[in-house]
Structure formats: structure tokens, C-alpha cells
Amino acid sequence: MAGSVASARRVADRSPLSTQIRDLLAGIGDFVDFVLAICRAVPRRNFNTPELIREAWKLAGIVIVPTALVSIPLGAVVALQIGSLTQQLGAQSFAGAASVVAIVREGAPIATALLLAGAGGSAICADFGSRKIREEIDALEVLGVDVIHRFVLPRVVAAAIVAVLLTSVVMGVGIAGGYLFNVMLQGGTSGVYVQSFATLATIPDLWSSLVKGLVFGIIAGVVGSYKGLHASGGPKGVGQAVNETVVMTFLLLFTVNYFLTTAYFALFPQVGG
């Protein structure tokens with residue numbers, strides 16, 4: 001009887017489902033350890049500022065043009081949808097305020113996060129992955145170099161800084177694009193559009209968007225670094241790690257965005273609510 005039970009346990013341990021669950025839990029544990037290692041590296045001295053500047057400049061060069069190009073149609077589409085909705089409801093005077101709120105609260109940070117994750121995070125992953133398969137990371141660790149403090153932390157900080165700046169760019173360009181679209185193409189009034197800003201949009205909306213951009217940038221940097229440093233299997237493994245970086249970052253971004261939005265509505269009750 002005892003032998004049959006032990007045999008059944010061995011079969012269960014070898015089952016694909018149990019193996020996948022163990023691998024998932026092990027991966028989550030490794031990722032949590034990686035995040036904690038980055039947190040422990042933050043207060044340490046001798047921060048690699050030159051690496052931060054290089055990475056921030058490189059990330060900005062990768063995502064600044066796509067972000068600016070996405071911001072214009074983003075503002076136009078938001079203005080089109082909200083303008084049509086306010087006309088149906090007979091509330092054209094709120095078109096400007098609603099457009100600004102939609103772009104500032106959700107449009108700008110989400111657009112920035114998606115572009116930063118798709119371009120910036122994948123670039124970080126590819127950089128670390130190529131170094132990993134060439135055994136450069138192992139060589140640095142043998143020499144006693146703290147890879148987390150020396151290379152990962154500057155990239156995470158650079159991604160956070162660039163995300164905040166890009167969020168500001170998306171907000172500015174998106175609002176300007178929505179203004180031009182609403183006033184010139186939909187026949188809106190310039191004064192009414194501008195005056196309606198204060199109706200629904202508030203300063204906490206701006207800070208909330210920038211905080212979201214900061215958090216999303218950190219997530220993109222952390223996930224890209226983690227996947228790159230754990231890449232294996234040659235160039236094919238690096239490509240797979242890049243794909244996993246984009247997917248994992250997207251899932252984390254939308255999940256974190258839900259909790260941040262919920263916390264914001266709890267802390268700052270909406271005007272007229």
C-alpha cells in the first residue's frame with residue numbers, strides 16, 4: 001500500500017501540470033528576489049551615473065519619435081469619440097474637459113508604457129541577453145562586479161526618467177492635437193474648449209499621470225533586465241526573452257494601472273461626484 005502511494009506521488013510529480021506549476025512558482029520567486037536585489041542596491045554608494053546618462057539617452061532616442069507620432073492620432077481619436085458623444089448628449093461645452101481628462105489620466109501613461117515596453121524594455125532585454133550568451137555577465141560576476149548595482153539599477157532609473165518625460169510629451173502633444181481637431185474639424189469653440197479644462201481636469205490628474213509613467217517605466221526596466229539576464233539558448237533564446245519581456249510587461253502594466261487608478265479615485269474624489 002505504501003509503495004503504491006509513493007509510486008502515485010512520483011507519477012504526480014512528473015506530470016506536466018505539476019511541473020509547470022513548480023516552474024511558475026520558481027519563476028515568480030526568482031523575479032521577486034531580483035526586485036529585492038534592485039531595492040537593496042538603491043541606497044548603495046558609487047552609483048553609475050555615466051551608465052544612467054547613456055541609457056537614458058539611448059532609450060529616449062529609441063522611443064521619442066514613435067511616441068510623438070502616436071500622440072497626435074491619440075489626441076485626435078479621443079477628441080473625435082468624445083466630441084461625437086457630447087454632441088449626442090447635448091453637452092458640447094464639456095468636450096474639451098472630457099478630452100483632457102481622458103488623455104491625461106489614461107491615454108498618456110498607457111501610450112508611453114506600451115511604447116516603452118515594446119521598444120525600450122525589449123532593447124534592455126536584448127542588450128543584457130546578448131551579454132549573457134557571450135558570458136560577459138558571468139565574467140563580470142567572477143571579477144566581483146555587482147551587475148545589479150553597476151548595470152541594472154542605472155537602466156531602471158533611466159527607464160523611469162524617460163517614461164516621465166515621455167508621458168509629459170504625450171500629454172502636451174495629445175492635448176494640442178485634440179484641441180486642433182475639435183476646434184478646426186468639429187467646429188468647436190476655442191474659448192469654451194480651454195475654459196472647460198478646469199471643469200473636470202485637476203492638478204492631481206496631472207500628478208497621477210506622471211506617477212503612473214514613473215511606475216510603468218520602472219516595470220519596463222525591471223522586466224527587461226530580468227529577462228535579459230536570464231536568457232539562455234543562444235540567439236534564439238535572446239529572441240524568446242525579448243518576446244516574453246513585451247508580454248510580461250504588458251500584463252504587469254495593465255494590472256498595476258488598475259490598482260493605481262482605483263487608489264487615485266479613492267484618494268481624490270471626482271469633481272461633482
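1. Residues are numbered from 1 along each chain as its sequence is written, and side-chain values use heavy atoms, with hydrogens and water left out. As this is a predicted model, local features need pLDDT of at least 70 and side-chain atom pairs count only at pLDDT 80 or more, whereas totals for chains, interfaces and linings use all residues.

2. His-149 lies in helix 6, residues 147-185 (helices are DSSP runs of H or I, at least four residues, numbered from the N terminus). His-149 has a relative accessible area of 7% and is therefore buried (buried means under 20% relative accessible area, exposed over 50%, and partly exposed in between, with a 1.4 Å probe and protein chains only). Apart from neighbours within four places in sequence, His-149 is in contact with Ala-41, Arg-44, Arg-45, Asn-46, Phe-47 and Pro-154, where contact means heavy atoms within 4.5 Å.

3. Thr-249 belongs to helix 10, residues 234-267, and it counts as buried because its relative accessibility is 0%. Once its neighbours within four places in sequence are left aside, Thr-249 is in contact with Ala-117, Ile-219, Ala-220 and Val-223.

4. Ala-60, in helix 3 (residues 49-89), is partly exposed, with a relative accessible area of 26%. The C-alpha atoms of Ala-60 and Leu-165 are separated by 9.0 Å, although these residues are 105 residues apart along the chain.

5. Ile-28 is found in helix 2, which covers residues 16-41, and it counts as partly exposed because its relative accessibility is 46%.

Key:
Helices (H or I, at least four residues) and strands (E, at least two) are DSSP runs, numbered from the N terminus.
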